[in-house]
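Morning, everyone. Let me put the model up and walk you through it chain by chain.

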Amino acid sequence: MPNLFTAKNLTKSYRVSNNPLKKSQLEVLHGVSFSLNPGQTLAVVGESGSGKSTLARILVGAETPDSGQLFFEGKNILSKKHKFEWFKNIRLIFQDASASLNPRITIHQSLEEPLKNGTDYNATQRSDRIAEVLEMVGLRPEYAKRYPHTFSGGQRQRIGIARALLLRPKVIVADEPVSSLDVSVQAQIINLLLDLQDRLDLAYVFISHDLGLVQHFSDKVLVLNNGTQEEYGPVSDVFSQPKSKYTLELLDASAGYKKPE
Amino acid sequence: MIASILKQLGTLLISLLGLTVLTFILSQQSDTPIHPYQSDSAFIQYFEYIQFLINGDWGISSIHKRSVLKDFLQHFPATIELIVFAMILAVTTGLALGILASTRRGGWLDNTLMTTSLVGYSMPIFWWGMLLVLLFSLTLGWTPVAGRISFEYDIQPFTRFMLIDTLLHHNKYGFDAFLNALHHLILPAVTLSTIPMAIIARMTRSSLLAVLKSEYIRTARSKGISKQRIIWVHALRNALQPILTISGVQISIIMSGVIITEYIFAWPGIGKWLLEAVSRRDFASIQGGVLALSIIVIAFNLVLDFLSIYLNPRLRRPS
Amino acid sequence: MIKLPVSANNRAAWTIFRQNKGAMIGAVILIIILILAIIGPWISPYDPARQFTNKILIPPIWSPAGDFNFFLGTDDLGRDILSRLLHGARLSLQLTFTVVLIAALSGILIGAGAAFLNQTLRSLLMRIMDLLLSFPSLLLAIAIVAIIGPGLPNAIYAVVIVLIPQFVRITQSSISDELNNDYVMAARLDGASSLRLLSHHVWPNITPALTVQLTFSFSTALLDIAALGFLGLGAQPPMAEWGTMLSESRAFIQFAPWTMTLPGLAIFLTVLSINLVGDGIRDALDPRLNR
Amino acid sequence: MGLLQVENLSVDFQTDNGIIPAVDRAKISINAGQVQGVIGESGSGKSVMALAIAGLLSPAATMRADLFNLDGHDLTRMSAGERQKLISNNISIIFQEPTSSLNPSLTIGYQLDETIRFHSGGTRKQRYDKAQELLLQVGIIDGKRRYKEYPHQLSGGLNQRVMIAMALACEPKLLIADEPTTALDVTVQSQILDLLLKLNEEHNMALMLITHDFSILSETTDKVYVMYGGQIVESGRTYKLLSQPYHPYTKALLNSVPHYGMHYRKGRRLFNLKGSTPSLDHLPVGCYLGPRCPYANRKCVQTPELRTLKGRKVRCHFPLIEDDS
Amino acid sequence: SPEDSDLSEQDRTQDLLVYCSEGSPDSFNPQLVTSGTSYDATANILYNQLVTYKPGTTEIIPSLASSWEISEDGLRYTFNLRQDVSFHTSQVFSPSRNLNADDVLFSFNRQRLSSHPYHGISGGRYPYFTAQSMDQLIKDIRKVGEHKVEFVLTRPESPFLSILATPFASILSAEYAGQLNRLRHPEWIDSKPVGTGPFRFERYEPDAYIRFKRFEDYFGDKERVKNLVYAITPDAAMRFARFSAGECDVMSYPLPVHLRVAQKNDLQVVQTPGLNIAYWAFNTEKPPFHDAKVRQALAMAVDRESILQTVYDRQASLATNPIPPSSWAYNNNVKKITHSKRRALELLKEAGYENGFSIDIWAMPIQRAYNPNARKMAEIIQQDLADINVDARIVTYEWGTFLSRVSRGLHHSVLLGWNADNADPNNFFSPLLSCASAVNGNNYANWCDNRFDELILKGRTSSEQSERKVYYDQAQEIFKQQTPWLTIAHANNSVLVQPRVKGFVISPIGNINFEGVTVGQPEAGQSQNKSQASHEVTH
Ligand SMILES: Nc1ncnc2c1ncn2[C@@H]1O[C@H](COP(=O)(O)OP(=O)(O)OP(=O)(O)O)[C@@H](O)[C@H]1O
Ligand SMILES: Nc1ncnc2c1ncn2[C@@H]1O[C@H](COP(=O)(O)OP(=O)(O)OP(=O)(O)O)[C@@H](O)[C@H]1O
Ligand SMILES: [Mg+2]
Ligand SMILES: [Mg+2]
């Protein structure tokens, strides 16, 4: 029985110089691999610029890696011959929920989009599904009529989660889903994600730089340093016996500020 | 830096290509061919045309039978003089008004200035010029109606910049001729500078207000630096950058304006020359004039780009 | 957290607009001018071409020499200036509308089409647009008129060509700005096709910028058409086009100034009111800019 | 001897949507050389309070205070000019975003030099030497090179050091650091904090540290103010306040974040307050926390006053004192 | 330059005369061009001709030629040249001798002989010379003595003397030409002019001004100002504005309305009935204009009085014949055209066009003395035609295009005019209405009537004026019957002159001449306001 979601040796680089004579490439990811089963959470941690978001974009199909393979339920979804419909299976929760909602269309219109593209529901069916999912994330169905700016940050993040859930995906990639929120609201969202995982048996790829949260939330952890995979394994192992120096530094820094004596 | 220069050069090439194609088409409209082409194919003729241009042969005007390039160079100083004078007027006044308005933000002075600038910005300058002439020249008699200098001053054209030439005639007329030339410049320059002045004033104000809200101004304030110094040293330099970037647009506004202004004030410059050429269908002159003016606009934009790179350290030395 | 523009919906924008005194005054003037332009032919006292050969250059009625039959006086052919201005309003505004409409449609189409082009082609297209933009508009119009000859239709083509790049530029740059936004990526990840992305997600967000551009190109177009008419390259007499009327009246500037001031005032008021409204719209749609 | 004493400091913003009370009757006192902290969620008024103290509020703001004593002078009785002078001589402030706090079109050297000139004057040479000394003090070793560079050429950490150097040039008695490390990488954060504490000790410069991070507060500060909705809801000695918060909000803040190293079972739900932070133009009646507070009852529609309880100040009708007996 | 230093402060203004001219000269050699603007800046300023008109009249008087003889058969003209005529000195040329026969030969042979070394210089086209078929008319020009030349003609041509008084017959210096050949700049002869005229060329700033200085060694003895400036101001409104602001002393081509204002304001209006005609030509080759009835009908439909009023502001007289009444050949017995809508409708009905038709009216795009505003004229005609069910569309092009299209006969009808180059009546008939000119010339009605053609040929070759008058009278009758044109007006030639300017005279042909013109301080109360059909303003 294959894993639900497996990545093998993903690499990605960007062309950074706009000088036509000099092409320089920036390697953002080299050799990232992991695997994930339903109900599991994989945390990805690393400093700013280490390639976390790039990895997330690759995982949800917004970008193609330069090399490497990605298996979903045993199929290599990067190969052209499987016309893999990413958006029905793997969804992304954005860091900044307000930026991911179109300010000029209603929540209903935003939420309708995946349903229109991914199902053959009619308008009532779509509305019903939207109402259902909104309730699932703890929002009132009539909110759908409103525009994004009428919501608080936490509510907007809930809408983002609802959008991810609409098509009943199996994997959800969450790119720092709570870091733009107030601390008191962060906890609500984390709790909601945990609830949903229990109910729907979701697999999460959870990107964060808050190791406390990671420890609290995840089964496995993948440490990225400048695009290289420094460490990968169960949370308890990695955090208690870090193998690489980088991980150690990261853990130290996350342990909070210590006044020099 | 090299990348941006290359980019500039690319733009320049495309611009020149588009431009010469346009003027080539223009030159083809002439009844009598303005250049003796060897080939019959328009495509090859285009390259011959470029060859002619590079050799300085811009054709002979069909009406006056003069060399177009020479004609252009003879008329050009008058235009430049007008533009430079108007620009100085527009920039100094516009900046001053913009700064004044931004420091009195929301007050009556600000409101008055901004309303005035909107009025100036909306002014059809062909009407405005006529109104000014009607009032100041014909009714009050304060300013001359037309021309660059009174004819009692016999000024040999050395540089063809009247202000300079009159100074070169200093031992003959003293400063009288110079002042007279200046007197003739005022009304056209005011007409021409109205719209750019309004734009600059508005831009300065809004850009300055935006900059004044920025964090580094707050830092400067926390250091106890005086208000004047904050505006002049800290804010203005940054506020000027967006103004500089729209100067490219300004120059095309000015170029359009100068054509109208010269027409209204019988100013013997390029604009009047070009209009005359259009009305007499002198295609040699039209293509030459359009080409030369556009090259100037392109060159100006190029200089501007480098200037803004120079003024903006972030562009000058990328980290 | 990014603060959303206050005017994420149009009602809020309208509220802001309404509080803007200048914009409201402009709107009122503009509406009056529009109404006059529409009903002008019915309320104008005479045919604009009708010549009262024995009523030449009569001043407006507030002058002692005025004639009550000719409210704003007559021109050198004895034509009623009020009637000519009213017809001119219709003509000038009609022309402006047409020009802006054509320019906006084609500019927006080209600009949106550019979003589908590859990088090199797009930047080439944009360079060309930049070139056209940096070109003095009147010079371009003169060049075009020189090629195709003077006259109203040709002047219109010229102004359209002058305006198109502005729309292409603003469309293209707002689209590419929008495409960088997370919500576009979100919609793409929702499975939306490129076309759908543009029409359903990007379009509503670029309409404010386009609206602002639209109002400002109204004033540009009006001024350019009038300027060409004034220089004798646009509408030809006896057409009651404002710029042409102005240019015809130059000869009488000293002794019949009203023949010059009135058409000029009409142009000026229209442009001013459009700009006031445009300013108001811009402030209302993007309150961060100027408040 | 109090360096700074402020009582009932209120700041209102005049906006299109009405008046926003960004700071409401705050009471602050700092002694010379003391390190204090301010914590609170985004929008709770921390920065506005800091700006008000530093006299840098924008013209849209109106500020009131019953008492505003700085270094023994009563600022409420001074003319604006005198007040500004006194403040800029005694208080320096550094901000969260160091790079945007420096003028992008002037060199580091110019900005530093300008500051020195305004405060101590001196010849060009003297000022240059002073600048180099300051750069060295904040840990910039290649000061000669940096002097000629522009802010965009420096990393965020270096810029923050430059900001600190500029603050030091004024030889302030109080340095307000408004989230000085949030924009920086974790590793750089601690360097900056180390530097600030070092300067605090060496110059006996009082420090007011605004942050989101309890771990920083617990390590550095003597006293903490907790802000919510523009009000100081609780203040007191750091150690006691963190180990035993009296205000439900303080408690929620502490508990809603899973801290690294505290071992949780995976999947355990976090403690949270329901709802979200109220926006300042729609504050609830009475206690601002009321609608979210698990302990609230009818009494909470009355505005709680700041009470002194066991050496601490709390703004709550039902402080959590009973729990600890 | 050293010669300027004699200008003292006080008399600076008194020695300066500014003439606001309507355009830039196309060349400083009148042989090369046809535009009146170029003639005005050259022919009577820089140059002289063998003979000339007495100022303000059409009478031929001696100029460079002190006397002349015409052979019996009218084929030989012998001119005796003045001996005291010197040429201008310029930076590149100092004349070593006075005018002699070589200069006359040079001036004509350059235009006449394609083998002449100077023939091809500056384009090699001599439009006036060619248009008047002078190469066919002049068989030979001979130097008979140092100061005596003989013109041999192929046929008798009674207008010949008049022709020699036109600008193209200006005499240039052969010596200067030789000098320029040596300098390898032959083209300077046309751009750095040297002549014998009352003023010498100083400087030309294109589109701005031309400066002339008094030629001190001029053979004539009339007073002249020291500095003469042509301020080039193409726009009539601007010209008048400059004039009324005192920036110029004399203003060319005032609009009729300017004259009215000027008269009100005590400015001199110098005016004379012009030798010109404004007409509305019907393209007789295009139906319905092949029918003389239609032409007459349309002619009657137009209210010329109102044109006279609005377009000319009454500064013109109604035209009946193609030539103006001041000509000796004018036929006083031709019946005037009467404006009658009723009669016009009847005629149309007779011709079978009672339901009307549509035509176009081509209106010349430029302002000329004879037609200050053809557009306006067209608008008035358009209105009048509407009354007789004729739908007219106004067409206009830029001038060059306009002329070339009209020459190709693309028009239905056209509003044009003609200003005579010389005072002979033939100057109207042959170029405008002969069959030859219909093929290749200015006959824009494309009208060819053999009887008419025969009559004007006779008029041209016979040398007896009374005999000629008979032919021309008959020709005018035929013209009237056939109505190839509606003759509209003979406009007055006018200029505006500041009161301080004395001695300005305008010729019926419209030439400008500053010989004998002086300026003084404007004297209060004594400013003259003479106008209206005075041939000359006297003081
Ligand atoms: N489209 C792109 N073109 C060029 N470089 C890119 C692009 N996207 C990302 N990068 C670079 O790739 C590197 C990794 O970026 P990424 O956004 O994945 O980092 P991150 O780990 O998510 O950082 P953060 O914690 O700040 O979000 C960065 O150096 C970034 O500059
Ligand atoms: N210039 C201003 N005009 C209007 N309101 C303002 C202004 N500046 C701040 N505010 C309001 O004052 C309140 C307090 O803002 P402040 O910046 O002090 O919060 P903060 O506690 O520093 O938050 P953060 O942790 O995000 O920095 C906010 O609600 C903000 O909207
Ligand atoms: Mg990221
Ligand atoms: Mg803050």
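Accessible areas here come from the Shrake-Rupley method with a 1.4 Å probe, and for residues only the protein chains shown count as cover. Before I go on, this is a predicted model, where local features need pLDDT of at least 70, side-chain atom pairs count only at pLDDT 80 or more, and totals for chains, interfaces and linings use all residues. Residues are numbered from 1 along each chain as its sequence is written, chains are lettered from A and ligands numbered from 1 in the order in which they are written, and side-chain values use heavy atoms, with hydrogens and water left out.

Back to chain C. What is its secondary structure? You get 10 helices and zero strands. Helices are DSSP runs of H or I with at least four residues, strands are runs of E with at least two, and both are numbered from the N terminus. The C-alpha trace of chain C spans about 75 × 45 × 30 Å along its principal axes. Of its 291 residues, 58% are buried, where buried means under 20% relative accessible area, exposed means over 50%, and partly exposed is in between (1.4 Å probe, protein chains only). If you take the contacts in chain C with a separation of 6 or more, 67% of them come from residues 24 or more positions apart; a contact is heavy atoms within 4.5 Å. On charges, chain C has 18 positive and 16 negative ones, and their mean positions are 6 Å apart. For that count, Lys and Arg are positive, Asp and Glu are negative, and His and the chain ends are not counted. Each charge is placed at NZ of Lys, CZ of Arg, CG of Asp or CD of Glu.

Now, who touches whom? Eight pairs of chains touch, and the pair with the most contacts is B and C. Chain B brings 46 residues to that contact and chain C brings 44. About 3900 Å² is buried between chain B and chain C, with 76% of it from carbon and sulfur atoms. Buried area, by the way, is the accessible area (1.4 Å probe) that two parts lose on being put together, summed over both. Which residues of chain B lose the most area to chain C? They are B:Phe126, B:Trp127 and B:Met130, together 17% of what that side buries.

Some pairs don't meet. Chains A and E share no contact, and their closest C-alpha atoms lie 49 Å apart. Chains D and E don't touch either, with 47 Å between their nearest C-alpha atoms.

On to chain E, which has 18 helices and 20 strands. Its C-alpha trace spans about 75 × 60 × 40 Å along the principal axes. The radius of gyration of chain E is 24 Å, which agrees with the value near 24 Å for a compact globule of 539 residues. That radius is taken over C-alpha atoms, and the globule rule is 2.2 Å times the number of residues to the power 0.38. In chain E, 62% of the 539 residues count as buried. Chain E exposes about 20000 Å², with 46% of that from carbon and sulfur atoms. It carries 54 positive and 61 negative side chains, and the centres of the two sets lie 3 Å apart.

E:Arg451 sits in helix α17, residues 450-461, and counts as partly exposed at 47% relative accessibility. Beyond its neighbours within four places in sequence, E:Arg451 is in contact with E:Ile478 and E:Gln481. Then there's a cis peptide bond from E:Pro287 to E:Pro288, with omega near 0°. E:Pro288 is in the loop between β13 (276-282) and α10 (292-301).

Last up, chain A, with 10 helices and 10 strands. Its radius of gyration is 19 Å, close to the 18 Å the globule rule gives for 261 residues, so chain A is as compact as a globular protein of that length. A:Asp201 is partly exposed at 45% relative accessibility, while A:Asn226 is exposed at 56%.
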